[in-house]
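The exercises below are to be worked with the sequence and the 3D structure at hand. Each task is followed by a solution in steps.

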2 protein chains.
Amino acid sequence: MKRDSRLSGVLHVLLHMAEQGTPMTSEQLARAMQTNAVVVRRILGGLREAGFVHSEKGHGGGWTIARDLAAITMRDVYDAIGRPRLMAMGNRTEAPGCLVEQAVNAALDDGFRDAEALLLVRFGEVTLAALAADFHARLAARNLTAQEHIHG
Amino acid sequence: MKRDSRLSGVLHVLLHMAEQGTPMTSEQLARAMQTNAVVVRRILGGLREAGFVHSEKGHGGGWTIARDLAAITMRDVYDAIGRPRLMAMGNRTEAPGCLVEQAVNAALDDGFRDAEALLLVRFGEVTLAALAADFHARLAARNLTAQEHIHG
DNA sequence: GTTTCATGTAACTTTAAATAGTACGTGAAA
DNA sequence: TTTCACGTACTATTTAAAGTTACATGAAAC
């Protein structure tokens with residue numbers, strides 16, 4: 001399967017949206033994410049339902065952040081896009097009759113469960129405000145302003 | 001992409017191999033794994049190079065365990081099959097010019113790194129002997145012997 | 001020695017899951 | 001009433017694992 005980059009992509013466009021202030025269209029966000037506008041709408045749909053972003057149709061419409069960046073964590077965003085699978089590996093058979101396979105699956109699942117739990121805790125510790133702050137630190141390190149940072 | 005079940009599959013056949021004692025052919029192992037003999041050979045090839053299993057051609061040939069089960073961990077097996085990707089998610093762009101995306105990637109990568117490290121530690125704590133013991137405990141719980149446990 | 005069995009491997013096809021794209025409907029502003 | 005922008009159903013493409021075919025190699029049986 002393809003690698004899932006929805007979380008990476010949506011966090012990226014959320015921060016751009018926050019920097020912008022004014023509504024951004026799916027087309028603009030798609031350019032930043034180097035993808036299609038429909039993909040953007042699809043992913044942001046979940047965030048809208050969760051109340052993190054707002055969308056307007058028609059002239060001057062587009063997407064805006066609907067909540068303080070400090071009140072949104074990466075975990076919230078992960079949940080909002082539908083909690084996609086985290087682990088690339090799985091069991092060959094989910095409910096095996098073979099007792100050998102049951103023993104193997106149990107051991108693997110233990111590890112996967114712990115790793116997923118840790119990952120979600122980590123995600124819950126990072127707010128979008130923290131990401132924005134990191135972005136501004138990176139700008140400062142290069143003696144740039146947000147205006148000068150054209151998307152590439 | 002399809003979900004990666006190589007680790008699950010190879011652990012399964014390794015334990016069957018150990019239970020058997022005598023060499024098992026790729027065909028036999030493939031039946032247990034419900035897959036193709038070539039797939040089995042492909043995966044076991046890595047284990048052979050790592051010295052965990054031995055293979056013989058010709059009459060009476062097949063695969064045997066080449067080391068004490070207590071001396072092989074799930075981590076060893078994971079390494080031997082080529083350390084496949086553990087996380088299902090990745091960054092949209094690996095080396096982005098966009099500083100926003102750099103900030104996002106850095107945060108995500110932190111989490112992924114920690115989760116992968118934990119998973120590998122867990123894998124390193126489980127030996128094949130422990131898995132075999134768990135299998136026998138499951139047999140005992142059902143009042144069966146290994147002989148009676150026909151593969152299903 | 002030649003037949004049979006089994007691994008070793010390259011090349012190709014199929015499949016599952018994410019991503020990309022097309023088409024068209026809806027509602028708001030110009 | 002035209003244009004813009006989201007909403008969404010449907011289809012196509014892409015990626016990596018899994019499956020398959022074909023054939024070479026080497027060992028044991030006869």
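What percentage of the atoms of DNA strand D within 4 Å of the protein belong to sugar or phosphate? Of these atoms, 67% are sugar or phosphate atoms, and the rest belong to bases.

Conventions. This is a predicted model, in which local features need pLDDT of at least 70, side-chain atom pairs count only at pLDDT 80 or more, and totals for chains, interfaces and linings use all residues. Residues are numbered from 1 along each chain as its sequence is written, chains are lettered from A and ligands numbered from 1 in the order in which they are written, and side-chain values use heavy atoms, with hydrogens and water left out.

**Exercise 1.** Describe the protein surface near DNA strand D.

Step 1. A residue is near a strand if one of its heavy atoms lies within 4 Å of it. There are 31 residues around DNA strand D, and A:Ser26, A:Arg48, B:Ser5, B:Thr35 and B:Arg42 come nearest.

Step 2. Sort the residues by type: seven are nonpolar, 11 polar and 13 charged. Here Ala, Val, Leu, Ile, Met, Phe, Trp, Tyr, Cys and Pro count as nonpolar, Asp, Glu, Lys and Arg as charged, and the others, Gly among them, as polar.

Step 3. Assign the elements, where helices (H or I, at least four residues) and strands (E, at least two) are DSSP runs numbered from the N terminus. Chain A supplies at least two residues from each of H3 (37-49), S1 (53-56) and S2 (62-65), and so does H3 (37-49) of chain B. The largest share, four residues, comes from H3(A).

Step 4. List polar contacts (pairs of N or O atoms within 3.5 Å; within protein, one must be able to donate a hydrogen and the other to accept it, and residues adjacent in sequence count only if both atoms are side-chain atoms). Phosphate oxygens of DNA strand D lie 2.4 Å from a side-chain N or O atom of A:Arg48, 3.1 Å from one of A:Ser55 and 3.2 Å from one of A:Trp63.

**Exercise 2.** Which atoms of DNA strand C do A:Gly58 and B:Gly58 approach?

Step 1. A backbone N or O atom of A:Gly58 is 3.1 Å from a base nitrogen.

Step 2. For B:Gly58, a backbone N or O atom is 3.4 Å from a sugar or linking oxygen.

**Exercise 3.** Which residues of H2 (26-33) in chain A are buried, and how are they placed around the axis?

Step 1. Buried means under 20% relative accessible area, exposed over 50%, partly exposed in between (1.4 Å probe, protein chains only). A:Ser26, A:Leu29, A:Ala30, A:Ala32 and A:Met33 are buried.

Step 2. These residues lie on the same side of H2(A), because they cover an arc of only 160° around the axis. The arc is that of the directions from the helix axis to the C-beta atoms.

Step 3. Contact means heavy atoms within 4.5 Å. The buried residues of H2(A) pack against H1 (6-20), H3 and S2 of chain A.
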